Amino acid sequence: AMKETNTPRLDIVSQAIVTLVEGVCKENDFDIQYSGIESTDALPIWCLATVGETLKAAKARMNQRVDQLIAHLSHRWNLASLIHRLPSEVLAMVFREFEPYSPGHTHLLDLLLVCRVWYDTIMGSPELWGSFAAYTPHNIARLIIDRSKTLPLSVDWNTGVKAPISRDSSKVFGLAIENSMRIKSLDVDVLTRNDSGLRRLLEGPTPILETLRVVTGGFVVGETTVGDPDFVLSDGSHLEHLSLRHITTLLDSPRLSNLMTLSLETSAVPDSLQLLLGILSGSQRLEVLHIRDKERSLEEYQAEDQVVLPHLRELVLSQVANIYVAAFLASVYTPSCSHIEIKDRNIIMASDSEAVGALDAVIWQPGNEQAAVLVGGTNLNIIPHSLIIRIESARIVVESFERHYWLEFHRYDIAQFVARVGATFSQMPSPPALHLHYAGTGREEPSFVNLQPWNGPVDSLFVQGRSGCRSVLRQLSERHVLPGTGEVDWICRELFSIQLAYWADEEEDVALDGEALLSLVRQRWSGEGGSAGAEIPESFEVHCKRVHFPNLWSLEDEITRALPSFRLVDNAY
């Protein structure tokens, strides 16, 4: 522990000043016995300026020596601390968390000023000087390139609208082009996709490039040739990670044949599904695949020979044309996928409806391996315990709160598509619990709500609108021949939660609402029809306005006696 120090006594300081002044006077042949400030009155006037200047120089030199002494003492003290006992190799590992230069954040240039050990470690570790960006001043970028010696470089070139860039960014960009042979990771975000400088960098020699991300604003300066790629990679080793947005390249390049991650957006997505599948078939290490914002092209899409991606764990198809998504899913198998996000576009061309339906018939059928993956797979480590399924007039959404899982499909014939998806779930050996939500749509067709395909795995049911509510009352009150088994039983016999919600402006039909509900309760759960009752739900709620459904509300006590978990709620949606 440090011992408490005492402030130097005044007489010790005075003695030091005496020694200093007498030494200065003696060097300049002035005979004086210094005993205090007043004793200098004995000096001749003509020598006062000389003595004063000499004392200033002596003071500066003394301060310098004292500072050196203090620094030496501090250095010895620091060496005794635990962090300074770390080997330089370990310190260098810690310093890898810091960029060489990063305005607004602590960076290596800041750490150089901390102490001599840190300075020596940073300056003697080329691996720490491996990256620069558009905001890096030219002199610092030059320092980074020199200090990194021959090691690989990472370049982050973001010159977007709000991106900070250095005043001499053109010189820094020149350094990137000059040292392209050393670039291992290149991240570019610019406004225009056909900038000549950008093309020089992307098409320059990059033999060790592993990671390439290029995002452009989609703007075009000057003329371009339709169909030509915006850039072509030079020869070199296989890339591991590729991400492109609003910019095209030759995707059948040999350098892209063994990717680990692939992300394509907008114009970067090839119109030809065959071309995309060809790339994927050569990338058996692929772990992450993102396809975003792909509109319908003039291509004809159909199921192709199946491509197996054994290591793919993350699949994202977002805002992609329905026909493209359907053809893709019919042509791939991703047995290890645990992160699934599929959102097709909410507009489907009428001319595509039949073709999409044909592809759906290929995917959503019992035994289809990719459909099994999409609904949870057979791997116990990735099957969600429960799924929420929301069905609307032209859309179905399947989501899980337990893991990254989202399916969203738009269809003209939503009833047929829902039936196919439901049958796929129902015939799984161990399906997850399903929470089925039929959203109000204003449609009057009772067939819109069809519980039969969802028979087995549905745990809870929520339905909006009188058409759907009446359809549910009818279906739940009847015994059905169940698909797959041929047995006659109650449909969705293990429902534990039922919620029916009428719209606020809907009015009662005595036979189709109140009387139908009472008949359902008596037959399904009281056994009045002579058949064994279904499982009694933990909750059965009907939401409707009392003033619009007087007969139903008059039956509340009778229904509750037969089914204690029943409850009427005087509000509507």
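## Nonpolar surface patch

Leu-10, Val-13 and Ile-17 form a nonpolar surface patch of about 280 Å². A patch here joins residues with over 30% relative accessible area and no salt bridge; nonpolar side chains (Val, Leu, Ile, Met, Phe, Trp, Tyr) are joined within 5 Å, like charges within 9 Å. Areas come from the Shrake-Rupley method with a 1.4 Å probe, and for residues only the protein chains shown count as cover. Leu-10 lies in helix α1 (residues 10–27). Leu-10 counts as exposed because its relative accessibility is 68%. The cut-offs are under 20% for buried, over 50% for exposed, and partly exposed in between.

This is a predicted model: local features need pLDDT of at least 70, side-chain atom pairs count only at pLDDT 80 or more, and totals for chains, interfaces and linings use all residues. Residues are numbered from 1 along each chain as its sequence is written, and side-chain values use heavy atoms, with hydrogens and water left out.

## Nonpolar cores

The largest nonpolar core has 140 residues; Phe-328, Ile-396, Phe-425, Tyr-438 and Trp-454 touch the most other members. Helix α10 (residues 322–329) gives the most to this core, with seven residues. A core is a set of buried Ala, Val, Leu, Ile, Met, Phe, Trp, Tyr and Cys residues joined through side-chain atoms within 4.5 Å. Helices (H or I, at least four residues) and strands (E, at least two) are DSSP runs, numbered from the N terminus.

Beyond four places in sequence, Phe-425 touches residues including Val-375, Leu-387, Tyr-405 and Trp-454. Contact means heavy atoms within 4.5 Å.

Helix α6 (residues 138–147) buries Ile-140, Ala-141, Ile-144 and Ile-145. These residues sit on the same side of α6, because they cover an arc of only 140 degrees around the axis. The arc is taken from the directions from the helix axis to the C-beta atoms. Cover for them includes α4 (108–111), β1 (131–133), β2 (153–158) and α7 (169–178).

Lys-149 is exposed, with a relative accessible area of 57%.

## Two buried loop residues

Leu-239 is in the loop between β4 (211–219) and β5 (241–245). Leu-239 is buried, at 0% relative accessibility. Its C-alpha atom is separated by 5.8 Å from that of Leu-256, 17 residues apart along the chain.

Cys-492 is in the loop between β18 (488–490) and β19 (497–501). Cys-492 has a positive phi of about 50 degrees although it is not a glycine. Cys-492 is buried, with a relative accessible area of 2%.

## Salt bridges

The whole structure holds 18 salt bridges. Each pairs a side-chain nitrogen of Lys or Arg with a carboxyl oxygen of Asp or Glu within 4 Å. Arg-213 bridges to Asp-187, with the closest N and O atoms 2.6 Å apart. This pair links distant parts of the chain: Arg-213 is in strand β4 and Asp-187 in strand β3 (residues 183–192), 26 residues apart.

Glu-203 pairs with Arg-199, the closest N and O atoms being 3.1 Å apart. About one helical turn separates Glu-203 and Arg-199, because they are four residues apart in helix α8 (residues 196–203). Asp-489 and Arg-493 meet at 2.7 Å, N to O. Asp-489 is buried at 16% relative accessibility, whereas Arg-493 is partly exposed at 24%. Salt bridges also link Asp-344, Asp-360 and Arg-411 in a network.

Key: Buried means under 20% relative accessible area, exposed over 50%, partly exposed in between (1.4 Å probe, protein chains only).
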